[in-house]
Amino acid sequence: MKDPFKTSQFCSSCNRWDRRNRKGDRFRCVHCGYLAHADHNAAHNLELLGVAGVYGLRSYLSSKS
């Protein structure tokens, strides 16, 4: 199982995290302006983790460095 920690606050469009991105069911990236339902955005991020073969966002971001 993939770790869902902060996946609903992480932008699936620009790959930046900010806690201000999620307000209730609404996701709006404060960096790029991407809009989506928060659960839909989180699902994209969980799919990304599965494709990348990592457990969570921390692993994914450290593998990109």
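This text walks through the fold of a predicted model, from its overall build to one residue inside it. Residue numbers start from 1 along each chain as its sequence is written, and side-chain values use heavy atoms, leaving out hydrogens and water. Local features need pLDDT of at least 70 and side-chain atom pairs pLDDT 80 or more, while totals for chains, interfaces and linings use all residues.

Start with the build. The protein has two helices and three strands. These are DSSP runs, numbered from the N terminus: helices are H or I with at least four residues, strands are E with at least two. Along the sequence the pattern is β-β-β-α-α.

Next, the overall dimensions. The C-alpha atoms fill a box of roughly 25 × 25 × 15 Å along the principal axes. The radius of gyration is 11 Å, which agrees with the value near 11 Å for a compact globule of 65 residues. That radius is taken over C-alpha atoms, and the globule rule is 2.2 Å times the number of residues to the power 0.38.

Now look inside. Buried residues make up 28% of the 65 residues. Buried means under 20% relative accessible area, exposed over 50%, and partly exposed in between (1.4 Å probe, protein chains only). Of the contacts (heavy atoms within 4.5 Å) with a separation of 6 or more, 37% join residues 24 or more positions apart.

Asparagine 41 gives a close-up. This residue sits in helix 1, residues 38–52. Asparagine 41 is buried, with a relative accessible area of 0%. Leaving aside residues up to four places away in sequence, Asparagine 41 touches Thr7, Ser8, Phe10, Cys11, Ser12, Phe27, Tyr34 and Ala36.
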